[in-house]
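Please open the structure in your viewer and keep the selection panel at hand. The tour below moves from one selection to the next.

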Amino acid sequence: MPERPGPGQESVWDYPRPPRLEQYAGSLVIELGGVEVARTTRGWRVLETSHPPTYYLPRSAFLEGSLREAAGSSWCEWKGQASYLDLVGGDAVAPRAAWTYLTPTAGFEPIAGAIAVMAAATDRCLVDDEVVEPQPGGFYGGWVTSTVVGPFKGIPGSTGW
């Protein structure tokens, strides 16, 4: 049963399927190994039914040397083929913790080359100075903040959602 959003909140059950891409002008920060590896006020959110937003940052938001090409790829039915990157900060390396769509499908062209990051693989990620919680389950890359309510895909029993 979807949670009822309060003032200033969104329900992930009101997000569309297929997902919607929208610009995001708030503050996005990623920290790893005690280092701020990325910061921007110009990103994007992918909003999909039952998922907290997945944030994409422009590659230029990342500290030089903080992204390293990684082996492998995967396929998203909505955005196309994803390429993976290791995230590097200080003495820490988070293998395959970031991904990008170099040639995304129609409707997702604005995020071509932009980077999304698994919050669970970092020291912390922030949206407008709020520390995010990783999307449950360890597979999806959504960022949970106080502005979204679920339940979220990834919790036990959500495989068929």
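Two strands are taken to pair if DSSP finds at least two bridges between them; strands (E, at least two residues) and helices (H or I, at least four) are DSSP runs, numbered from the N terminus. This is a predicted model, in which local features need pLDDT of at least 70 and side-chain atom pairs count only at pLDDT 80 or more, while totals for chains, interfaces and linings use all residues. Residues are numbered from 1 along each chain as its sequence is written, and side-chain values use heavy atoms, with hydrogens and water left out.

**Whole chain.** Along the principal axes, the C-alpha trace spans about 45 × 30 × 30 Å.

**The open sheet.** Next, select β7 to β10: these four strands form an open sheet in the order β7-β8-β9-β10, with antiparallel pairing. β7 (67-76) and β10 (115-117) stand at the edges with a single partner strand each, so one side of each has no neighbour in the sheet. Neighbouring strands here are turned by 35° against each other on average, direction ignored; the axes are lines fitted to C-alpha atoms, and angles run from 0 to 180 degrees between N-to-C directions.

Leu 67 stands opposite Leu 87 in β8.

**Gln 81.** Remain in strand β8 and select Gln 81. This residue is partly exposed, with a relative accessible area of 45% (buried is under 20%, exposed over 50%, partly exposed in between, with a 1.4 Å probe and protein chains only). A distance label from its C-alpha atom to that of Leu 32, 49 residues apart along the chain, reads 26 Å.

**Strands at the largest pocket.** Finally, which strands each supply at least two residues of the lining of the largest pocket? They are β5 (43-47), β6 (54-56), β7, β8 and β9 (92-100). The largest share, three residues, comes from β7.
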